[in-house]
Amino acid sequence: MSTSVLPPLPEMLATLIASNSVSSANPQLDQTNQPVITQLATWFETLGFQVELMPVHTTHNKKLNLIARYGEGTGGLVLAGHTDTVPCDEHLWQSNPFQLTERDDAYFGLGICDMKGFFPLIIEAVKPLLTQTFQCPLVVVATADEETSMDGARALVDAQKKLGRFALIGEPTNMKPINMHKGIMMERVSIFGSSGHSSDPSLGNNALDAMYYVLGDLMQFRQKLASQFNNPLFTVPTPTMNLGCIHGGDNPNRICGSCELAFDLRPLPGMSTEALRDSIRQRLALIAEQRSIDIELNPLFPSVEAFETPAKSPFVQYCQQLTQQQAESVAFATEAPFLRSLGMDTVVLGPGDIAKAHQPDECLPLSRINPFIKILQQLIHHYCISSAGLKVT
């Protein structure tokens with residue numbers, strides 16, 4: 001192993017930013033992440049990591065996960081992140097989003113904080129530690145399609161990958177440890193009636209009329225959830241349901257033959273998305289029977305469960321100690337529930353700012369880089385070089 005052949009940090013960042021790995025539900029925008037993954041594989045192999053490239057079969061393009069392991073045994077630390085980015089409006093950027101730019105004491109580029117920039121920081125953190133003996137493995141996981149389907153993380157769960165005991169996800173959190181976030185469901189209600197001439201309602205079955213009752217029932221269900229579930233650790237302490245868009249009918253003088261509603265629901269930790277979907281289906285079935293009409297409920301994409309690692313977890317507490325920040329909740333979703341389901345205490349912690357993600361001129365302040373590298377080094381030393389990574393408390 002020779003770290004001398006690795007590029008300096010700015011060059012590594014620039015290489016990853018230059019590789020378009022946009023993930024999008026629009027096939028015309030969607031790109032493969034293979035160049036990013038193969039570049040990371042080369043760098044980690046240079047450091048002496050054992051690298052596995054894992055195909056992700058459910059994506060539009062051929063995409064991969066990377067699992068890079070240093071050290072033997074069980075337990076240890078997982079450092080995880082995604083290699084894809086959202087699309088961008090290049091004309092709104094002050095600089096080329098696919099070219100690393102330094103100005104105003106920050107690095108700018110698509111994915112610099114969310115979250116390609118995480119991987120070169122891992123490399124910088126681990127390089128000086130490789131002369132020491134690792135008691136437990138360090139595992140770096142780089143996934144595909146977090147920004148759309150989370151298929152990369154789902155593939156890890158489907159394969160029941162044995163990764164480690166503790167996991168840190170480097171999403172942008174302003175250097176604050178995050179131990180919980182809400183889940184997300186996006187659902188579509190489809191109502192199928194029958195059209196006819198509007199002068200005689202008996203000639204059809206109006207889907208918009210039925211949608212009136214569906215909307216009222218969903219709003220009642222929303223109120224019921226808000227009265228039953230509350231977590232004061234969230235800025236919005238109750239589950240939320242947003243009735244997002246509705247489409248139906250084609251002309252004022254025709255009975256509406258079909259109508260669709262799309263909504264999102266954000267459950268709290270401890271709430272099951274499948275149980276919520278079952279409850280909604282039962283309520284819709286009653287309306288369908290009463291209105292003699294067909295109503296379907298289908299997910300727009302597979303749901304993401306809410307996430308929580310208990311505050312009493314030694315991993316949460318150690319992250320709090322390192323950052324001198326109390327663990328918090330966030331509104332956005334991450335791959336944390338998937339890693340949690342694989343048996344790992346998981347914390348989301350990264351140097352970027354979520355307010356800068358998915359925006360023109362995404363950036364990472366230079367002042368955050370060295371402090372975050374130090375945090376990573378302390379985590380690696382604690383959970384891989386000392387014996388703390390063996391603990392299963």
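**Close-up 1. What covers helix 4 in this predicted model**. Strand 1 (50–56), strand 2 (63–70), strand 6 (138–143) and helix 8 (336–341) are among the elements that lie over the buried residues of helix 4. Helix 4 itself spans residues 151–158, and because 7 of its 8 residues are buried, it ends up largely enclosed by the rest of the structure. The buried ones are Asp151, Gly152, Ala153, Arg154, Ala155, Leu156 and Val157. After helix 4 comes glutamine 160, with a positive phi near 50°.

**Close-up 2. Helix 5 against helix 6**. Here we're looking at residues 207–228 (helix 5) packing on residues 273–291 (helix 6), with an angle of about 145° and axes 10 Å apart. The crossing is right-handed. On the helix 5 side, the contact is made by Asp209, Ala210, Tyr213, Val214, Asp217, Leu218, Gln220, Phe221, Lys224 and Leu225. Helix 6 meets them with Leu276, Ser279, Ile280, Arg283, Leu284, Ile287 and Arg291. Sort the contact residues by class and you get 10 nonpolar, 2 polar and 5 charged.

**Close-up 3. The largest pocket**. This one holds about 380 Å³ of space. It has 16 lining residues, and those nearest the pocket's centre are Glu146, Glu147, Met150, Ile184 and Ala333. As for the make-up of the lining, count 8 nonpolar, 3 polar and 5 charged residues.

**Close-up 4. The second largest pocket**. Its volume comes out at about 180 Å³. Look for Ser24, Ala25, His60, Thr148 and Ser149, which sit closest to the centre out of 14 lining residues. The class count for this lining is 2 nonpolar, 7 polar and 5 charged.

**Close-up 5. Aspartate 361 and its surroundings**. Find this residue in the loop that runs between strand 15 (345–348) and strand 16 (363–365). Aspartate 361 counts as buried because its relative accessibility is 13%, with the cut-off set at under 20%. So what does aspartate 361 touch, leaving aside its neighbours within four places in sequence? Its contacts are Leu92, Trp93, Gln94, Ser95, Arg103 and Phe108.

Technical notes:
Residues numbered from 1 in each chain as written. Predicted model: local features only at pLDDT ≥ 70, side-chain atom pairs only at ≥ 80, totals over all residues. Heavy atoms only, no water. Helix = DSSP H or I, 4+ residues; strand = E, 2+ residues; numbered from the N terminus. Buried < 20%, exposed > 50% of the residue type's maximum accessible area, 1.4 Å probe, protein only. Contact = heavy atoms within 4.5 Å. Axes fitted to C-alpha atoms, helices over the stretch in contact; angles between N-to-C directions. Left-handed = near helix turned anticlockwise from the far one by under 90°. Nonpolar A, V, L, I, M, F, W, Y, C, P; charged D, E, K, R; others polar. 1 Å grid on protein atoms, 1.4 Å probe; cavity = no way out; pocket = protein on both sides within 12 Å on 5 of 7 lines; lining within 4 Å. Points joined across faces, edges and corners; volume = space filled by probe spheres on them.
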